[in-house]
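Please read the points below with the model open beside you.

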Amino acid sequence: MKKFTCVYLPIGVPTFHLESAQIQFEKSIKMLSEMTEDFIFPDKMLLDIEELQSFLKDINPDVIVLQNITFANAAYCSEILKKLDCPVVLWTLREPIIDGNRLRLNSLTGAYSAGNTLYEMNRTFEYVYGGPDEEEVISEIKAAVNAARVKHSLKTLNVAAVGHTPQGFGFGRALDIDILKYFGATLVSIEIRELINKAKQFTAEECAPYLEEAKKAMVGLEKTSAKNLEDFVKLYKAYKDYAIQNNIGALATRCWPDFFVDYGTPVCGVLGLLNDNNISASCESDVYGAISMYIGSQLSGCATFFGDPVSLDESENTITFWHCGTAACSIAREDTGAEIGVHPNRKIGPTMEYGCKPSDKATVFRIGRKKDGTFRFFIAGGEILDKPKQFCGTSMVVRTKSKAKEIVSKSVKNGFEPHFIVIYDDVEKELEKLANMMDMEICKY
């Protein structure tokens with residue numbers, strides 16, 4: 001697949017104050033160049049349709065930054081939409097001087113022409129107003145570029161569904177056509193017995209590097225019984241090898257009851273290690289949870305937390321998220337490290353057993369399925385508090401920006417699924433823009 005690229009299109013007409021426009025053109029290129037190396041720039045401002053057409057014929061970008069360097073009529077935007085089909089960021093420049101004399105740029109009127117064309121063509125777009133040296137402008141464009149980058153990466157994403165969802169957990173079940181239609185990704189499926197059978201055939205020598213990796217990441221692994229430790233490492237090798245061989249970026253696996261009853265060792269610790277290997281891994285076969293984790297990791301550059309909302313504290317304005325023990329080792333508290341325990345219900349290990357490290361920036365996220373089969377984004381900002389483990393398994397306490405009780409009440413009434421992702425960064429803006437680019441509803445809490 002081609003490399004992710006952005007294009008800067010400064011459109012206008014030569015009848016305005018070109019000296020002022022040239023200054024903005026040079027400043028804009030400097031700002032965008034410092035933002036990312038992925039931009040393609042024209043050599044000069046595109047001040048007539050022929051110049052625009054000539055520049056467009058050799059490019060195929062993944063996001064457009066369309067700037068009215070001066071006024072430009074709707075024909076310019078129409079020409080762009082005929083040639084390119086990708087997300088658009090429409091950028092209006094401030095009028096540089098208001099002194100009772102001529103209008104230097106008239107960028108804003110041009111934006112209305114472009115906006116009207118985008119609207120009539122049913123093209124969603126982002127909009128930003130201001131100069132290239134303004135922090136809000138930089139932040140908005142950067143968020144849009146990052147969102148477009150994730151949208152682009154989804155086209156090459158292989159999502160693995162390992163086994164079927166348990167009874168009553170159908171909210172995470174996905175069809176391959178839906179994953180392709182709505183996300184542009186590919187869903188591949190494998191039965192857990194296939195990975196279990198592969199795991200059983202591995203020798204201790206073959207698994208030695210995987211055991212060393214686990215020992216370096218986990219605390220107290222030596223306390224696991226010899227049989228469970230051996231089976232855990234074999235299972236980790238089976239999952240990791242499968243993911244690498246099939247270029248899997250996100251994985252959702254069945255866990256209970258099979259791994260306790262048929263295999264005798266849980267898959268929880270395996271998922272924790274996969275998450276630290278840039279393979280977003282969810283349990284209970286929640287495919288949409290795994291894709292949510294993938295998006296969160298792409299935006300934040302680190303592993304995310306997958307869990308259930310299990311406790312609410314109005315006095316602290318917090319929601320506690322928890323799961324049996326699948327969290328990435330890299331997000332464990334520094335004072336404990338990634339401790340190992342046993343499953344709280346089945347009393348079999350190894351599972352992850354710790355509270356997660358704090359962060360002053362966090363985003364709670366979930367791709368939810370609507371009644372009509374389309375999708376929506378749950379987005380809520382907050383911070384992860386410095387709290388120890390709350391329950392057996394892995395947990396984190398999130399203080400939300402909005403009232404926690406209202407978030408819980410509204411999201412329950414609005415029918416959101418019980419699995420959420422907590423991202424170690426403030427990526428609300430990026431998620432909103434990604435939802436727009438993917439034509440999905442934004443549910444901001």
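1. Helix H5 (135–154) and helix H6 (176–183) each give at least two residues to the lining of the largest pocket. Helices here are DSSP runs of H or I with at least four residues, strands are runs of E with at least two, and both are numbered from the N terminus. The model is a predicted one: local features need pLDDT of at least 70, side-chain atom pairs count only at pLDDT 80 or more, and totals for chains, interfaces and linings use all residues. Residues are numbered from 1 along each chain as its sequence is written, and side-chain values use heavy atoms, with hydrogens and water left out.

2. The largest pocket holds about 410 Å³ of space. Its lining has 20 residues, and Asp85, Cys86, Pro87, Lys151 and Met437 lie nearest the centre. A pocket is an open set of points on a 1 Å grid over the protein atoms alone where a 1.4 Å probe fits, with protein on both sides within 12 Å along at least five of seven lines; lining residues have an atom within 4 Å of a point. Grid points are joined across faces, edges and corners, and the volume is the space filled by probe spheres set on the points.

3. How is the lining of the largest pocket divided by class? There are 10 nonpolar, four polar and six charged residues. Ala, Val, Leu, Ile, Met, Phe, Trp, Tyr, Cys and Pro count as nonpolar, Asp, Glu, Lys and Arg as charged, and the others, Gly among them, as polar.

4. The largest nonpolar core has 125 residues, and Ile141, Phe183, Tyr239, Ile295 and Phe377 have the most contacts inside it. H9 supplies the largest share of this core, nine residues. Apart from it lies another core, of 25 residues, including Val13, Phe55, Cys86 and Leu118. A nonpolar core is a set of buried Ala, Val, Leu, Ile, Met, Phe, Trp, Tyr and Cys residues joined through side-chain atoms within 4.5 Å. Buried means under 20% relative accessible area, exposed over 50%, and partly exposed in between (1.4 Å probe, protein chains only).

5. Leaving aside neighbours within four places in sequence, Ile141 is in contact (heavy atoms within 4.5 Å) with Met31, Leu32, Met35, Val65, Val89, Trp91 and Val128. Val65 belongs to S3 and stands opposite Tyr8.

6. Strand S1 (residues 6–11) and strand S3 (residues 63–68) pair in the parallel sense over six bridges. They are part of an open, parallel sheet of five strands in the order S2-S1-S3-S4-S5. Strand S2 (39–40) and S5 are the edge strands, each pairing on one side only. Two strands pair if DSSP finds at least two bridges between them.

7. In H11, eight of eight residues are buried. These buried residues pack against helix H8 (204–217), helix H9 (226–245), S8, S9, helix H12 (287–300) and S13.

8. Some backbone geometry deserves a look. Most residues other than glycine have a negative phi, and most peptide bonds are trans. The bond from Trp256 to Pro257 is cis, with omega near -5 degrees, and Pro257 lies in the loop between strand S8 (248–253) and helix H10 (258–263). Gly349 and Pro350 are also joined by a cis peptide bond, with omega about 5 degrees.

9. Asn122 has a positive phi of about 60 degrees and is exposed, with a relative accessible area of 71%. For Asn278, phi is near 60 degrees and the relative accessible area is 70%, which is exposed.
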